[in-house]
2 protein chains.
Amino acid sequence: MVVVGAGYAGLSAARNLVDAGLDVVVLEARGRVGGRVWSETTRAGALVDHGGQWIGPGQHHLQGWADDLGVTTFPTFGDGANVEIREGRRHLFTGLVPTSDREGSADAVAALLELDLLAHEVAPGEPWTHPDAIALDRRTLGDWVVSEVGSAAARAMITTATLGVFGAEPCELSLLYALAYAHGGGSMSALLRTAGGAQERRFHGGAQQMAVRVAEALGDRVVLDAPVSSVRHGPGRVSVTADRVTPDGHRRPWRVDADRVVVAIPPATQGRIAFDPPLPGRRDQLVQRSPMGSVTKIHAVYERPFWRDEGLSGQVVADTGALRLVFDDSPDDASHGVLMGFLAGHEDRILDGSGTAGRAAVALAELAAAFGPVAGSPIEVVEQHWSAEPFTRGGPVACLGPGVLTGCGPALREPVGPVHWAGTETATAWSGYIDGAISSGLRAADEVTAALGRPVRQGA
Amino acid sequence: MVVVGAGYAGLSAARNLVDAGLDVVVLEARGRVGGRVWSETTRAGALVDHGGQWIGPGQHHLQGWADDLGVTTFPTFGDGANVEIREGRRHLFTGLVPTSDREGSADAVAALLELDLLAHEVAPGEPWTHPDAIALDRRTLGDWVVSEVGSAAARAMITTATLGVFGAEPCELSLLYALAYAHGGGSMSALLRTAGGAQERRFHGGAQQMAVRVAEALGDRVVLDAPVSSVRHGPGRVSVTADRVTPDGHRRPWRVDADRVVVAIPPATQGRIAFDPPLPGRRDQLVQRSPMGSVTKIHAVYERPFWRDEGLSGQVVADTGALRLVFDDSPDDASHGVLMGFLAGHEDRILDGSGTAGRAAVALAELAAAFGPVAGSPIEVVEQHWSAEPFTRGGPVACLGPGVLTGCGPALREPVGPVHWAGTETATAWSGYIDGAISSGLRAADEVTAALGRPVRQGA
């Protein structure tokens, strides 16, 4: 069995296939495992998560891995007041929704509730089965916001929330897709919350750890630095070719033959593998219509989480500017201070040409506006500009525009002969999250074992 | 100099680079030239154009090639009445817009005029410079139609027109993109017309001929069956690797080194080349957000164009069903009859799994409903299902959704070091048409010669 990709989805598939007694080779393009989850200790000694980092209620697959591997969590810091930047002015608020514009605040809460009611009717795994699927898929979330949300302040809040969740502008997303995505994580409100929501807790030692430990257990089965270039497939057999670095330091094609393959990489990068025979038209059209969001995570490291002294949570919600959302990403022991901001959607693309230094300058100016001049002079700034990452090309997740789910959605998980699909985008719950990646790998492994006549397992 | 792709854009670039005295190698993935233009003589002896086939007023680049190469044209047949299928019933009409619903007819004309007025203000080459670009790009054409077009019949007509022009549903297209595209061909109305519009004339001998003759003149410089897999690039140098068929019948990597490369393939397939270093984030995000439309061309061949005897033009406009638009594609001498229908957008994707036979059955039933039972029994049916074509993966053109042009548009033609971009999607006039492909190749060749310090030519 071959698994393409050693992110959480691929590792989950591999782990379950090995448990079923199958031979497995995992081919990973990068020199590390974890995919969109990557923890790194910076020069200044701060442990930062460049990608996925949180765990929240209901993420049982991820919690199960953490429990199995003895990885512990701690609450995302959220004590004190949040900063709101609205029309260039700074306000403080507590709770989920900024309050400086009372009408906007009420409208935003009403809009979130309305979205949650709509989302509740959409089946996350198969949104195209909704009775009004065509109509919901024809609209964008942005179109819905323009027609349903009265105040400009509330529209800006929903936009900021969308940028944080999807790395995309509301106009880029099909309403049906946004609703299914929200329902997959419980509700839109749940996706936005720290306490009680998707950002509730963080991992001691970083979110990549479980991937590293599972990969260690898989041992030589995981081959790093081996980007897959082609997949030949026929009934009951595949030949997967990767560009592997040989001991003499050169890249050479390396072929692995197997019964089946689980492709566990983002849809946008699946199209970059040459399939022979080519994938069916509808499958390829789906892949062409699943672009990654645009997101950069910027971490600023300070001697101390100084904002806590002033009763601030470190969280920022802004209606304009580059960093629309900021979180306190300091370690549990607060041995130093870390602020993490998201640069997302349009702003992230506009600043692509500015480079790391240009983005840092913009981010620090905005952090200083939120937390005072000292925030503008951190010990260190590090960023991860995901759209420049050759094996992900954006983040955090695929952003489906209008018409895609109803036109191509049924091809999302449907195997093509011996080729199976995993990855968080294929998850029926928590799509876009680490939890969805893990469950998708389990589901793909179950497909493979069922196809081979092995008993289908439960759980894990 | 390397050119990737021997469609009209790549051949135009190559022709102009050779004229400037440069060494050129054109690498073409397929065993033929022409790209999205492909003429074939069927078993029954009919010459059909599987892709681009028409020429209209204002397409000076294509007309210039035809004149140079002595290829002649003839009017698209349009005498007599057109068939309208509305709510399952058949009506006859003349002119551009179906008339069975008078209010719908008037509304559709008004909507086309309004779109043309809006389009006139959008610069086709750089729509992101429009003062309201962000607002126009945030909406879809579908959203505009829903809010601006009163009658259901008119909305259906605009949808059918959109399917014919873009191979996409109105909801898939940014309004800004649709307007720029229309302006690039004069107006939306011009894109829809046969006489006086983009479908005015056809080529004796098919539309691929000019490509074939230009390729013949380029001789050994054009290498077929050589899909490019990677492009390494640095200041002033590129190494392009293709999978070439060697004389022993095996595919082996074959590297061509050059000063610069012109990539003249659709954006959706550009992402499938491994660029080293990887392309900038914004450029890649553009490529991820430029999916091809979905279109299948189905040709039904008959002994005679029997519909002409009944005073019918052979044209059909339908508000539902698979074939929304049908044209008379018989040869100039009417030695046999050919009806050609477009299967586009959602319907084309839904019918992907039905295969050639399934699509033919659906198409023949609808042709019989329009032209009587005899239309259901042709001598031959041939199709080209473009989304299954591995080196195009859809058609006729890239379909940009909301937010793409304003977010990523400026990356469309911007060279990345020694890598230049051609292809009809990059054209500043007649984007999506053969004419735009030719002008894009000329523009890219001019960029290359200017970068090398060669005199910039005019015209050609």
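Predicted model: local features only at pLDDT ≥ 70, side-chain atom pairs only at ≥ 80, totals over all residues.
Local features need pLDDT of at least 70 and side-chain atom pairs count only at pLDDT 80 or more, while totals for chains, interfaces and linings use all residues. Residues are numbered from 1 along each chain as its sequence is written, and chains are lettered from A and ligands numbered from 1 in the order in which they are written.

**View 1. The side of chain B that touches chain A.** Here 36 residues of chain B are in contact with 36 residues of chain A (contact: C-beta atoms, placed from the backbone, within 7 Å). Helices H5, H11, H12 and H14 of chain B each give two or more residues to this side (helices are DSSP runs of H or I with at least four residues, strands are E runs of at least two, and both are numbered from the N terminus). H11(B) gives the largest share, five residues.

**View 2. Helix H11 of chain A, residues 281-288.** Eight of the eight residues are buried, so the helix is largely enclosed by the rest of the structure (buried: 20 or more other C-beta atoms, placed from the backbone, within 10 Å of the residue's own). Among them are Arg282(A), Asp284(A) and Leu286(A). The buried residues pack against H10 and H14 of chain A, and against H10, H12 and strand S20 of chain B.

**View 3. Helices H2 and H15 of chain B.** H2(B) and H15(B) pack at an angle of about 85°, with their axes 7 Å apart (axes are lines fitted to C-alpha atoms over the stretch in contact, and angles run from 0 to 180 degrees between N-to-C directions). That makes H2(B) roughly perpendicular to H15(B) (65 to 115 degrees). His61(B), Leu62(B) and Trp65(B) of H2(B) meet Ile434(B), Asp435(B), Ile438(B) and Ser439(B) of H15(B).

Notes: Contact = placed C-beta atoms within 7 Å. Buried ≥ 20, exposed ≤ 12 C-beta atoms within 10 Å, placed from the backbone. Parallel < 35°, antiparallel > 145°, perpendicular 65-115°, else oblique.
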